[in-house]
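Good morning, and thank you for the time.

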Amino acid sequence: MSDSEGDVIDLLVGVEKGSYLDAIRAHRPEARENAQKSYLALFAPKFPGEMTREERYALAVFVAGLHRDVATLGFYRAGLAKLNGRLGLFDAVDREIARGAAKGPYGHYPEGPLSREDRAGPVHRVSEADHEVLGERLSAALEHAHLLVFRPRDASPAALQALLDAGWSTSGIVTLSQLVAFLSFQIRVVVGLRALAATPSGNV
Amino acid sequence: MSETIIAASNENRPVVFTQDEIGWTPWLEPLGLDELTERHWAGLVDASRAKSPYFMLLARDPEILEARTKTDKDIFYNPAAGLPRAERELSAAATSRDNGCIFCASVHARFATTHSKRREDVQRLLDEGVSVDIDARWNAIIAASVALTATPSCFGAAEVGSLRKVGLDDLAISDAIHGAAFFNWANRLMLSLGEPTPAAKS
């Protein structure tokens, strides 16, 4: 992976050079450039730290799968495939995507007047069989990613403790949180721009 | 290196959406000033952010922090055409209200008020939630932000159509998309790495 692979959002939306949408994106050049730099910082990091490429791509496949965006899912699946990862990893992540299907946002507010807006929903736990394939770190990461994707307001110190217990360091948790949160942005820009491109008005 | 969580001893944690200047405290140890290298300062972008425990925690991975911050600034501060600043902030506030981020909502509701001079309308979004009926234009921006915020996202032709109907051109629609999408990034960090603290008594 390198800069030469091109802008990922353009790729996933299908933005052609010189097109209408290309002109719209060109109005916010820093946002465009730094959305791509964010992707590179997470998936081709100059200083990889403790989070392996396999962990990064497996988590991205899971997050894209939960968002049910076919193009994005395909993109990160291709990235994971290139790594020739552990046997059974793909199947385990796919099973967890299916098991983790939900509709967000839901979750609880701190007790008080907002409690009337609490919305219950599934809490994801990786199956025993998949836990064996994924291992401690990645299983804990998937469970935390499910929380971040669907019920971010349920987040707690205990959820971070679970990551520490599974072998994540404080800095590793920051990277993993950024990765899931960034994908929540990237996928929505893709979905939004794709909808905009499907119905152009012709006047910017 | 501290590899434990910071136990929250936060009395009077804010439990309602507000435009007050509330604070935020981390659940994980931020970097100390003495730990910052050139790489970390680059990640912080503005040296003044070294005063913020939130940015000092995110500085543990400086490259993604730097790119995140520059993305944020262009989406919200680039003055060239597109959606007026007040309504970019409205998309951020509506997204934060829907995800349930009391801290992010407070900051961006205040910014929406500053730029629109419509404090009461902004407060109604916070009090009544995202189904509030304000006016056609704000309703459309709030509804589009909420549709995009859903997981899986359900933003589509209907939202594009209703934004056009209330007068947004396509660059403005792109700004609304980016404002809401970016707060799906920011809310998840702010909600999961710490919690809001009460406003300082004035």
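I shall describe the two chains in turn, then the side where they touch, and finally some local details.

A word on conventions comes first. Residues are numbered from 1 along each chain as its sequence is written, while chains are lettered from A and ligands numbered from 1 in the order in which they are written. This is a predicted model, in which local features need pLDDT of at least 70 and side-chain atom pairs count only at pLDDT 80 or more, whereas totals for chains, interfaces and linings use all residues.

Let us begin with chain A. Chain A has nine helices and zero strands. Here helices (H or I, at least four residues) and strands (E, at least two) are DSSP runs, numbered from the N terminus. The radius of gyration of chain A is 18 Å, close to the 17 Å from the globule rule for 204 residues, so chain A is as compact as a globular protein of that length. That radius is taken over C-alpha atoms, and the rule is 2.2 Å times the number of residues to the power 0.38. The C-alpha trace of chain A spans about 50 × 50 × 30 Å along its principal axes.

How much of chain A is buried? Buried residues make up 48% of its 204 residues. A residue is buried if 20 or more other C-beta atoms lie within 10 Å of its own, exposed if 12 or fewer, and partly exposed in between, with C-beta atoms placed from the backbone. Among the contacts of chain A with a separation of 6 or more, 71% are between residues 24 or more positions apart. Two residues are in contact if their C-beta atoms, placed from the backbone, lie within 7 Å.

We turn to chain B. Chain B has nine helices and two strands, and along the sequence its pattern is β-α-α-α-α-α-α-α-α-α-β. A compact globule of 202 residues would have a radius of gyration near 17 Å, and the 18 Å of chain B agrees with this. Its C-alpha trace spans about 55 × 35 × 35 Å along the principal axes. Of the 202 residues of chain B, 51% count as buried.

How do the chains meet? On one side are 63 residues of chain A, in contact with 65 residues of chain B. Several helices of chain A each supply at least two residues to the side that touches chain B, among them helix 3 (29-43) and helix 7 (128-150). Helix 9 of chain A gives the largest share of that side, 20 residues. By type, the residues of this side of chain A divide into 34 nonpolar, 19 polar and 10 charged. For this count, Ala, Val, Leu, Ile, Met, Phe, Trp, Tyr, Cys and Pro are nonpolar, Asp, Glu, Lys and Arg are charged, and the others, Gly among them, are polar.

Next comes the nonpolar core, meaning a set of buried Ala, Val, Leu, Ile, Met, Phe, Trp, Tyr and Cys residues joined through C-beta atoms within 7 Å. The largest one has 118 residues, and those that touch the most other members include Phe62(A), Val180(A) and Ala176(B). Helix 9 of chain A provides the largest share of this core, 16 residues. Leaving aside residues up to four places away in sequence, Phe62(A) touches Val93(A), Glu96(A), Ile97(A), Leu142(A) and Ala145(A).

Is helix 3 of chain B mostly covered or mostly open? It is mostly covered, with 12 of its 16 residues buried; among them are Ile64(B), Leu65(B) and Phe76(B). The buried residues of this helix pack against helix 3 and helix 9 of chain A, together with helix 1 (38-44), helix 2 (53-58), helix 4 (85-99) and helix 9 (170-192) of chain B.

I close with the backbone. The peptide bond from Gly104(A) to Pro105(A) is cis, with omega near -5 degrees, and Pro105(A) is in the loop between helix 6 (89-99) and helix 7 of chain A. In chain B, a cis peptide bond joins Thr151(B) and Pro152(B), with omega about -10 degrees. Pro152(B) lies in the loop between helix 7 (136-149) and helix 8 (157-165) of chain B. Ala81(B), in the loop between helix 3 and helix 4 of chain B, has a positive phi, near 45 degrees, although it is a residue other than glycine. Ala81(B) counts as partly exposed because it has 13 C-beta neighbours inside 10 Å.
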